[in-house]
Amino acid sequence: MRETVRDPLRLRDPIRLRGLARRIEAATPPGRDRAVDGLRAVAILGVVLGHWLVTALVADSGTLRAASPLLYQPGFTPVSWVFQTLAVFFLVGGQMGAKSHDCARARGITYRRWLRARLVRLFRPMAAVLTVWAVAAGALLGAGVSLLTVHTLLKLVLSPLWFLLVYAVLTAATPLVARLHPLWPLAVVLHVDLIRFGFDGPAWLGWVNLAAGWLVPYCLGAAWGRGRLRGRTAGWVLLTGGAAVTAGLVLFGGYPASMVGVPGAPVSNLNPPTLAAVTFGLAQCGAALLLRGPLRRVLARPAAWAVVALVNLAAMTVFLWHQTAMMAVSVTTLRLAGPRTGLHTVPDGPGWVLARLCWLPVFAGALLICWAAFHAYEAGRPRKGGGGVVRGGGPAAGGGSRVVREGRPGKRAWQQARQQARQPRHVERRSV
């Protein structure tokens, strides 16, 4: 005899996840290049993990100050080579910007309307961060927290925002720079560094590289979006050439080996970007182009694609709140349990590194809470009817049934998939 029973509780969540992954797979346009989304997810997660690994809040005489393990343990410098992935993000941004603008022009959408839609997605979640931290800073000062501690926390929160400002400027300039050859901004970076370091020029001149340096991978991405860089030759040239030039600049040119800023170092490769940071970014772009094929094969699996779609849906929320999540864990633990290794101690030994690795899941849990609270500010209000534009494609069909809208997973598609996945399922069980 057979009897039909409701799923056991222990089977419910796996079935829901598999159902959600299948529905996301079914809702994804067939021609979508999933490698682009995979590269963007890698870039965002690289920045997050990099900040969590190379930023320490040291408790010192009632205050918190920032410190870097790279200052005390130079042997861990290769960590910065792995997790400084901003060039990949600008590469993908250029590719998406060029394709999105071309698609908007083909559909008769004005530049002003196209730009407003893209900038709103950048600055809406930023407004939430600024509002929360303005209130938090006032509350901390009112509670008697030292000005040095508040300055340290605000600096960690606000310093990554330069990235969004530069990205917004390059996005606005997409119609002008999309056809610009990357060698032109690279030449600007070369001459700026030559004047700064070779002829003892003014330090402020380096800030020209803030736009010119990131314009190099952005232009590469625009060329990719316009159908160039299809073969693997460009990837190998960028990877080997960029790596060789970067090694030469570090070994013989006096550039620091770390690709992130190190407190107390006389020169930072990132603040502002140097020629070494730009050539290193070229090597990263080459590696990204070579990974397109493997990524497409991996993301053909529904489960892997569902994870990448989720990360892309919350990309700005994750980027903007990951430092807050780390600081929330650090401050709360300090108040409740006192200083702990890997959180509040000087990062001067392997023990700190091992302890910090153990704290990473806790940071991720705090970030998940931030995502639950603030991801709605990134998603915004869904359009009536749920329709949208698939990046590089035509109008989304099915009243919002497609997963991706304007380069992002559609909010309504996720909601529908979740509702369907929560519906009671039945299994057959044989009675013995």
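Q: Buried means under 20% relative accessible area; on that cut-off, is tryptophan 352 buried or exposed?
A: Buried: the relative accessible area of tryptophan 352 is 4%, so that residue falls under the cut-off. Keep in mind that this is a predicted model.

Q: Which helix does tryptophan 352 lie in?
A: Tryptophan 352 is part of helix H17, which runs over residues 350–379.

Q: And what does tryptophan 352 touch?
A: Leaving aside residues up to four places away in sequence, tryptophan 352 touches Leu53, Ala56, Pro69, Thr341, Gly342, Leu343, Thr345, Val346 and Pro347.

Q: What percentage of the residues count as buried?
A: Of the 432 residues, 50% count as buried.

Q: What share of the contacts join residues at least 24 apart?
A: That share is 76%, taken among contacts between residues at least 6 apart in sequence.

Q: Pockets next. What volume does the largest pocket have?
A: The largest pocket has a volume of about 1,100 Å³.

Q: How many residues line the largest pocket, and which lie nearest its centre?
A: The lining has 38 residues, and His51, Leu156, Ser159, Gly261 and Asn271 are the ones nearest the centre.

Q: Which elements give two or more residues to that lining?
A: They are helix H2 (34–54), strand S3 (63–67), helix H4 (78–83), helix H7 (147–158), helix H8 (161–172) and helix H16 (315–337). H2 provides the largest share, 5 residues.

Q: How do the lining residues divide into nonpolar, polar and charged?
A: The lining has 21 nonpolar residues, 16 polar ones and 1 charged one.

Q: Back to H7. Which of its residues are buried?
A: Thr149, Val150, Thr152, Leu153, Leu156 and Val157. Viewed down the helix axis, these buried residues of H7 stay within an arc of 160°, so they line one face. An α-helix has 3.6 residues a turn, so residues three or four places apart point the same way.

Q: Which residues are exposed on the other side of H7?
A: Leu147 and Lys155 are exposed there.

Q: What covers the buried residues of H7?
A: The cover includes strand S2 (56–60), S3, helix H6 (111–142), H8 and H16.

Q: How far does H7 reach from its first C-alpha to its last?
A: H7 reaches 16 Å over 12 residues, close to the 16 Å expected at 1.5 Å a residue.

Q: What about H15: how far apart are its end C-alpha atoms?
A: They are 16 Å apart in H15 (residues 302–313), which agrees with the 16 Å that its 12 residues should span at 1.5 Å a residue. The buried residues of H15 are Trp305, Ala306, Val308, Ala309, Val311, Asn312 and Leu313.

Q: What is phi of aspartate 200?
A: Phi is near 55° for aspartate 200, a positive value in a residue other than glycine. Aspartate 200 is in the loop between helix H10 (183–198) and helix H11 (209–225), and aspartate 200 is exposed at a relative accessible area of 70%. Leucine 229 also has a positive phi, about 55°, and is not a glycine; leucine 229 lies in the loop between H11 and H12.

Q: Where does threonine 85 lie?
A: Threonine 85 is in the loop between H4 and H5. At 6% relative accessibility, threonine 85 counts as buried. Its contacts, not counting residues up to four places away in sequence, are Val42, Ala43, Gly46, Val47 and Gln284. The C-alpha atoms of threonine 85 and methionine 259 are separated by 9.8 Å, although the two residues are 174 apart along the chain.

Q: Last one: what does histidine 101 touch?
A: With residues up to four places away in sequence left out, histidine 101 touches Tyr111, Trp114, Thr174 and Pro175. Histidine 101 belongs to helix H5 (residues 86–106) and counts as buried at 8% relative accessibility.

Technical notes: Residues are numbered from 1 along each chain as its sequence is written. This is a predicted model: local features need pLDDT of at least 70, side-chain atom pairs count only at pLDDT 80 or more; totals for chains, interfaces and linings use all residues. Side-chain values use heavy atoms; hydrogens and water are left out. On a 1 Å grid over the protein atoms alone, a cavity is a set of points where a 1.4 Å probe fits but cannot get out, and a pocket is an open set with protein on both sides within 12 Å along at least five of seven lines; lining residues have an atom within 4 Å of a point. Grid points are joined across faces, edges and corners, and a volume is the space filled by probe spheres set on the points. Helices (H or I, at least four residues) and strands (E, at least two) are DSSP runs, numbered from the N terminus. Ala, Val, Leu, Ile, Met, Phe, Trp, Tyr, Cys and Pro count as nonpolar, Asp, Glu, Lys and Arg as charged, and the others, Gly among them, as polar. The expected span of a helix is 1.5 Å times one less than its number of residues. Buried means under 20% relative accessible area, exposed over 50%, partly exposed in between (1.4 Å probe, protein chains only). The arc is that of the directions from the helix axis to the C-beta atoms. Contact means heavy atoms within 4.5 Å.
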